[in-house]
Amino acid sequence: MTTALEHVDVLIVGAGISGIGAGRYLRTEHPSKSLVILEARAASGGTWDLFRYPGIRSDSDLHTFGYEFKPWRDKESIASADRILAYLRETATENGLDGHIRYHHKVLAAAWSTEDARWLVDVERTDTGERSRLSAGWIFSAGGYYRYDEGFTPHFEGRDRFAGRIVHPQHWPEDLDYAGKRVVVIGSGATAVTLVPAMADTAGHVTMLQRTPSYIVPVPKEDKVASLLTRVFGAERGYALTRRKNIAQSRAIWRFCQRFPGAARKIIRSLNVKLLPEGFPVDEHFNPPYDPWDQRLCAVPDGDLFRAIRKGKASVVTGRIETFTETGIRLENGAEVEADIIVTATGLNIELFGGIDLTVDERPVSFPDTVVYRGMMLSGVPNFAIAIGYTNSSWTLKIGLLCEYFCRLLRHLDDHGHHAVWAVADPDLPTRPLLDFGAGYVQRSLTLLPKQGPAAPWLMAMDYHEDREQMRHGAVVDGHLHFSSRTSRSVVPQWTW
């Protein structure tokens, strides 16, 4: 007896902040559609469940990093991972998503059939190795863009000589005892500036060893204006007003940095000088060679990193590593940094769409040969949505708008009897890398990523207000979208790879 192949209208890959958000929008806007969320790990929450290093927190305020439809009620706007995780799981439960999530289910491959207007999806149980298959009308890839099973660590000469312990923040060992120990954190990004003050009170001393400085900006852990607005207007209205304030504020800061980088650099430097000990070599350790927002600014709540430096519990060393030694690290200038524990906060590895092997009518999809349409679809790939948030603002602001447009597009297909839609880019369209972002993990992987075009709808917009007009209020359909139904099989996608 042959078992019927399970079919779902929408398959969401990933039960993190993007996947839970997408599930809520679908349940609200399209309650009649069948929905399954496949999660490769044993728990929901994505990044906020995976990372367990000390101090793990958001680097965006939760009034914009949280969902528009669910107020953030905690008094801390820069929140710890456990609070964010509780918020996400509460959202899933409130919106009836718990029963739709299947854990230990990793999507290996997905094959689109134009004739059948569906995806055939190969799935593996990560706990048992069992393989299965289901079909889906749509795939919504909500797994972000980095590898969950492997962080990035560059080659360090002499690594095997070091007598202490070496750990990567993405795989923090539960048994790591750093009390009273000398800890060196290699890196200067968001993870490093979180780790250093979080470990400083327990460790003997923590050194942030950086090759290149980052812009580090103090931000209030608690938004007092948000608290006032909530008291005056109530939780929902106060949250909406705070969200609007913070969106405008972050947009203004980003635009100022882009337009007046010299002035922005001076302002950030003055904040650093004010919070660091007198005579501290600010220009050596907090003066990046690039302009503000060429890479993401690092936020430190209530200036905790600077406070740890003032107390003498932490320090900063800038230089290039020559080799690890038995007792620490030797730099190219000959300086020695002693360590009992070395933490390689050296970044992420890019992995698009959870590493799914995509084919369309038996042709493998070459991601670098596709162009992203409205930040949500890949040219020539039918019924496949992606979720990539902002790099210059809160990730979730973009995800919410993408989900709204996705639901509007589904309604258009239903109203007109279509079963498939794909975007077609002009073969002569000028393209450039998907992300205009200087972070190392992005720069290392540009050749693997899809491209973006020079203008909408092919531009990977980083402006919430522009996106809101286009995704929420603009026309659903334009001349770049092509449609077909199961009864019009002569209409086939135009592949671009």
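Visitor: How much space lies in the second largest pocket?

Guide: The second largest pocket holds about 810 Å³ of space. Before going further, please keep in mind that this is a predicted model, where local features need pLDDT of at least 70, side-chain atom pairs need pLDDT 80 or more, and totals for chains, interfaces and linings use all residues. Residues are numbered from 1 along each chain as its sequence is written, and side-chain values use heavy atoms, without hydrogens and water.

A pocket here is an open set of points on a 1 Å grid over the protein atoms alone, with protein on both sides within 12 Å along at least five of seven lines, and its lining residues have an atom within 4 Å of a point. Its volume is the space filled by probe spheres (1.4 Å) set on those points, which are joined across faces, edges and corners.

There are 31 lining residues, and Val217, Val219, Gln249, Ser250 and Ile253 lie nearest the centre of the pocket. Helix α7 gives the largest share, seven residues. By type, the lining has 17 nonpolar, nine polar and five charged residues (Ala, Val, Leu, Ile, Met, Phe, Trp, Tyr, Cys and Pro count as nonpolar, Asp, Glu, Lys and Arg as charged, the others, Gly among them, as polar).

Now to strand β17 (residues 341–344). Ile341 and Val343 point one way from β17, Ile342 and Thr344 point the other way, and all are buried (under 20% relative accessible area with a 1.4 Å probe, protein chains only; exposed is over 50%, partly exposed in between). Strand β8 runs parallel to β17 and is joined to it by three bridges (strands pair when DSSP finds at least two bridges), with arginine 165 opposite isoleucine 341. Strand β9 (residues 182–186) is also parallel to β17, through four bridges, and there valine 185 has valine 343 as its bridge partner.

Next come the aromatic rings. The whole structure has 21 aromatic pairs, counted when ring centres of Phe, Tyr or Trp (its six-membered ring) lie within 6.5 Å; planes under 30 degrees apart are stacked, over 60 edge-to-face, and the rest tilted. Phenylalanine 156 and phenylalanine 324 are stacked because their ring centres are 5.0 Å apart and their planes at 20°. Phenylalanine 156 sits in the loop between β7 (146–151) and β8 (165–167) and phenylalanine 324 in strand β14 (residues 321–324), so this pair ties together parts 168 residues apart in sequence. Phenylalanine 156, at 10% relative accessibility, is buried, and phenylalanine 324, at 0%, is buried too. The rings of phenylalanine 353 and phenylalanine 367 also have centres 5.0 Å apart, but with planes at 75°, so that pair is edge-to-face. Both phenylalanine 353 and phenylalanine 367 are buried.

Elsewhere, ring pairs join Tyr25, Tyr67, Phe69, Trp72 and Tyr87 into a cluster. The charged end of arginine 24 sits over the ring of tyrosine 25, 5.2 Å from its centre (CZ of Arg or NZ of Lys within 6 Å of the centre and within 35 degrees of the ring normal). Arginine 24 also lies over the face of phenylalanine 69, at 4.1 Å from the ring centre.

Technical notes:
Helix = DSSP H or I, 4+ residues; strand = E, 2+ residues; numbered from the N terminus.
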